[in-house]
Amino acid sequence: MTTTAPVADARALGLAHYAARGVLEHVLARHGITFQQQVTLRAAVTADAPRTPDDLVTQVRASLKADPADIRATVGELLARDLLVEDGAHLRPTDAGRELLAAVAAETAPVTARIWGGIPADDLAAAGRVLALVTERADAELKALTA
């Protein structure tokens, strides 16, 4: 009996995204942080140099396609929780912010290994190429819609 693999399409992409995000959000909730807060904090932690608030908002918006006002509110929440601090015109993560991300990463690592483990490298490479192309095209379409 031959089974046909599902075709990659917007629905399949969405289902995979929300399944993985659901796992992450479950872990984030135990740490008292939202998905958008985690993405924003991670952007600050992984930056090569401290970012201005506007730079951080721009970076997060490029990733999440979220409203800049919502991202600014998220930055404010991270500042209020002392996960980010203002350093002149820039923002930098605090030790508490770094520790929070490390704790989330440690907790999600075994789950991530179970989700991604055993998928052949060639399949991951093909999926990566397709997802990069879909992202590029969707970003272009969104830019055209909002121009």
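**Close-up views of salt bridges and helix packing**

**View 1. Aspartate 54 and arginine 72 form a salt bridge.** The N-to-O distance between their side chains is 3.5 Å; a salt bridge is a side-chain nitrogen of Lys or Arg within 4 Å of a carboxyl oxygen of Asp or Glu. Aspartate 54 lies in helix H3 (residues 53–64) and arginine 72 in helix H4 (residues 68–80), so the pair links parts 18 residues apart in sequence. Helices are DSSP runs (H or I, at least four residues), numbered from the N terminus. The model is predicted: local features need pLDDT of at least 70 and side-chain atom pairs pLDDT 80 or more, while totals for chains, interfaces and linings use all residues. Residues are numbered from 1 along each chain as its sequence is written, and side-chain values use heavy atoms, without hydrogens and water.

**View 2. Aspartate 139 and lysine 65 form a salt bridge.** Their closest N and O atoms are 3.0 Å apart. Aspartate 139 belongs to helix H6 and lysine 65 to the loop between H3 and H4, so the pair ties together parts 74 residues apart in sequence.

**View 3. Arginine 30 forms a salt bridge with glutamate 107.** The closest N and O atoms are 2.0 Å apart. Arginine 30 lies in helix H1 and glutamate 107 in helix H5, so the pair joins parts 77 residues apart in sequence.

**View 4. Residues of H1 meet residues of H5.**

Conventions
Contact = heavy atoms within 4.5 Å. Helix = DSSP H or I, 4+ residues; strand = E, 2+ residues; numbered from the N terminus.
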